[in-house]
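Visitor: I would like to learn how to read individual features of a model, one at a time. Could you take me through some of them, giving the general idea before the case at hand?

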Amino acid sequence: MRLTGDSLETPLVRFENVGLRYGTGPEVLKDLTFSIAPHSFQFLTGPSGAGKTSLLRLLFLSLRPTRGLITLFHCDATRLRRSEVSALRRRIGIVFQDFRLLDHLTTYENVALPLRVAERDEASYRSEVVELLQWVGLGERLHALPPVLSGGEKQRAAIARALISRPELLLADEPTGNVDPALARRLLRLLVELKKSGTSVLIATHDVALMDQYDAPRLVLDEGRLYSGHSGDSQA
Amino acid sequence: MNDPQLAAEARSPRDYGEPMVAHVNPILPDDTVTGRSLLAVVAIMSFLAALTVGAVEIVHVAAAEWRADVAREATIQVRPLPGRDLDADVRKAAEIAKAAAGVVDARAFTKEETERLLEPWLGAGTDLGALPVPRLVQLKVKTGAAPDFGQLRRALAEGVPNATLDDHRGFASQLATISNAVTLTGLAILALVLAAIVLSVAFATRGAVAANRAVVEVLHFVGARDSFVARIFARHFLAVGLQGGLIGGAVAAALFGLARLLANVLGTLPGGGNAASFLGHFALNARGFLWIASVAAAMAFITALSSRITVHRTLRAID
């Protein structure tokens, strides 16, 4: 089965018959074959425990498949050296369900972290970070530490950190899981804006109401297998 | 970014003021990386290493001085034999020695001088006339152009058969052996100290990486290379190494300085001349203090390097 985003260009990501098992356990992902095109927007959905987070970890090179082929930005992801992994990760932004903000760094410093890690001079990115924080509505929380931010603010800070290095691919794991419906709609609009500016977006969520708000292809995971779907489908 | 609602929310940077960037927080929280216990370990190890290096330098310098002293002299011993005139043999031995190239002076010890040399062992006022006490001829040798001792020995055997030449080579060789043994022992102690430092730092680094595992994971997710992560850990450990090396080295240097001061004070006390001259040889010179500074710097370097290598290994293991 081959699923694609809404573009016919050479895909950024291609999975071919990918399987994954942890240790000697059963396969949690089975025969996944799909691709993510540039400038595409799609949802990854399925019930809890279906393997959404494992699939995101494969996409983010945090796990290696036990079989099959993953091509990421035209590189064979199963044969990457450690130095190549970090280079590829700089082309990918990821938003974790639990945010993974560093509590001892301010919002500004958390968002600037990818640029700091890329060893850019602080003066060269200061205005970019401030502008992005204003864009996600955190312009007045630059100096706040994560422990004093609300769930929604943390979520937006995590999104801003994923976007600051202008990634070609954005992966978001339940990006609206910790916010109220109004803020969830705003965050979704923000991610759609991002797609319009050229980034491919894959959102893992089981929030059907959220998916119904935007007409986009759906990758449906169920018991480790992938099915195609679309907005408005009750079952893929 | 053309969402009208979001655009409306966006305000000019001036509205929010410049971000507080004069002080940027370190990526690793200070209190999770290195504790005071590691600083104490590095300081103690640096102190021991500096003491060892200082002691080795002192022994090395003293042995070299002693060797140079004994190399400038040689001794002819003339044994009394029945039927021979000991005074005549001593004079002849001195003449043969003076004639040898490379001998600057040959001074024969008189009978009275010989008795004075034996006084500490036999007591004052002992009549040595009845004892077959040998007599000595002290030779001063030209520095850098030592005489042919083999030839001199043969000349003495022909002219004064009861004379033997001691060129002090045996003593000099023993001094060299002792000096080398002390140096090797010092190097072994240094190696043990360094091994202890490396192991302590490796242990502390693994602890620090484990304590900051969440930070390390986030750094990897935002594209940090292992070298970047290793560098930020190594920076913390370099600071600990510098502080520990400085403290240990400074205490050791102060101790050697105190010993030197003590030697000088003893020298000025009545009857303290011998002790002062003895301790004077054991005072650390400027090169010794430079060695101590080098040890302190090496401790800092080794601490940073060990942590860097350990971080690389730990990252490979946990990823």
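Visitor: Leaving aside its neighbours within four places in sequence, which residues is A:Arg161 in contact with?

Guide: Please keep in mind that this is a predicted model. Leaving aside neighbours within four places in sequence, A:Arg161 is in contact with A:Phe96, A:Phe99, A:Arg100, A:Leu101, A:Asn110, A:Val111 and A:Pro114, and also with B:Val218 and B:Val222. The residue itself is found in helix α5 of chain A, which covers residues 151–163.

Visitor: Which side chain of opposite charge is nearest to A:Arg161, and how far away is it?

Guide: Side chains of opposite charge can pair when their charged atoms come close. A:Arg161 is buried yet has no salt bridge, and the nearest side chain of opposite charge, that of A:Asp98, is 7.5 Å away. Its side chain does, however, reach the backbone oxygen of A:Arg100, at 2.6 Å.

Visitor: How many salt bridges are there over all chains?

Guide: The count over all chains comes to 24 salt bridges. One of them is formed by A:Arg82 with B:Asp226, where the closest N and O atoms are 2.6 Å apart. This pair crosses between chains, running from helix α2 of chain A (residues 82–89), which holds A:Arg82, to helix α9 of chain B, which holds B:Asp226.

Visitor: Are those two partners buried or exposed, or something in between?

Guide: A:Arg82 has a relative accessible area of 31% and is therefore partly exposed, whereas B:Asp226 counts as buried because its relative accessibility is 13%, the cut-off for buried being under 20%.

Visitor: What does A:Glu119 meet in a salt bridge?

Guide: The side chain of A:Glu119 meets that of B:Arg231, with an N to O distance of 2.7 Å. Because A:Glu119 lies in the loop between α3 (107–117) and α4 of chain A while B:Arg231 lies in helix α9 of chain B, the pair joins two chains. B:Arg231 is partly exposed, at a relative accessible area of 25%.

Visitor: Which parts of chain B does the salt bridge between B:Arg135 and B:Asp87 link?

Guide: In the salt bridge of B:Arg135 with B:Asp87, the closest N and O atoms are 2.8 Å apart. The pair links distant parts of the chain, 48 residues apart, with B:Arg135 in strand β3 (residues 135–141) and B:Asp87 in helix α4 (residues 86–99) of chain B. B:Arg135 is buried, with a relative accessible area of 10%, while B:Asp87 is partly exposed at 38%. Salt bridges may also share partners, and in this way A:Glu27, A:Asp31, A:Arg67 and A:Arg225 are joined into one network.

Visitor: Where does A:Thr205 lie, and which side chain makes a polar contact with its side chain?

Guide: A:Thr205 lies in the loop between β8 (200–204) and α7 (208–212) of chain A, and it counts as buried because its relative accessibility is 0%. Its side chain makes a polar contact with the side chain of A:Glu174, at 3.4 Å. Leaving aside neighbours within four places in sequence, the residues in contact with A:Thr205 include A:Phe43, A:Leu44, A:Thr45, A:Gly46 and A:Lys52.

Visitor: Which residues make the nonpolar surface patch of about 370 Å²?

Guide: That patch is made by B:Leu255, B:Leu258, B:Leu261 and B:Val265. B:Leu255 is found in helix α9 of chain B, residues 226–268, and counts as partly exposed, at 43% relative accessibility.

How values were computed. Residues are numbered from 1 along each chain as its sequence is written. Chains are lettered from A and ligands numbered from 1 in the order in which they are written. This is a predicted model: local features need pLDDT of at least 70, side-chain atom pairs count only at pLDDT 80 or more; totals for chains, interfaces and linings use all residues. Side-chain values use heavy atoms; hydrogens and water are left out. Helices (H or I, at least four residues) and strands (E, at least two) are DSSP runs, numbered from the N terminus. Buried means under 20% relative accessible area, exposed over 50%, partly exposed in between (1.4 Å probe, protein chains only). Lys and Arg count as positive and Asp and Glu as negative; His and the chain ends are not counted. A salt bridge is a side-chain nitrogen of Lys or Arg within 4 Å of a carboxyl oxygen of Asp or Glu. A polar contact is a pair of N or O atoms within 3.5 Å; within protein, one must be able to donate a hydrogen and the other to accept it, and residues adjacent in sequence count only if both atoms are side-chain atoms. Contact means heavy atoms within 4.5 Å. Patches are made of residues with over 30% relative accessible area and no salt bridge: like charges are joined within 9 Å, nonpolar side chains (Val, Leu, Ile, Met, Phe, Trp, Tyr) within 5 Å. Accessible areas come from the Shrake-Rupley method with a 1.4 Å probe; for residues, only the protein chains shown count as cover.
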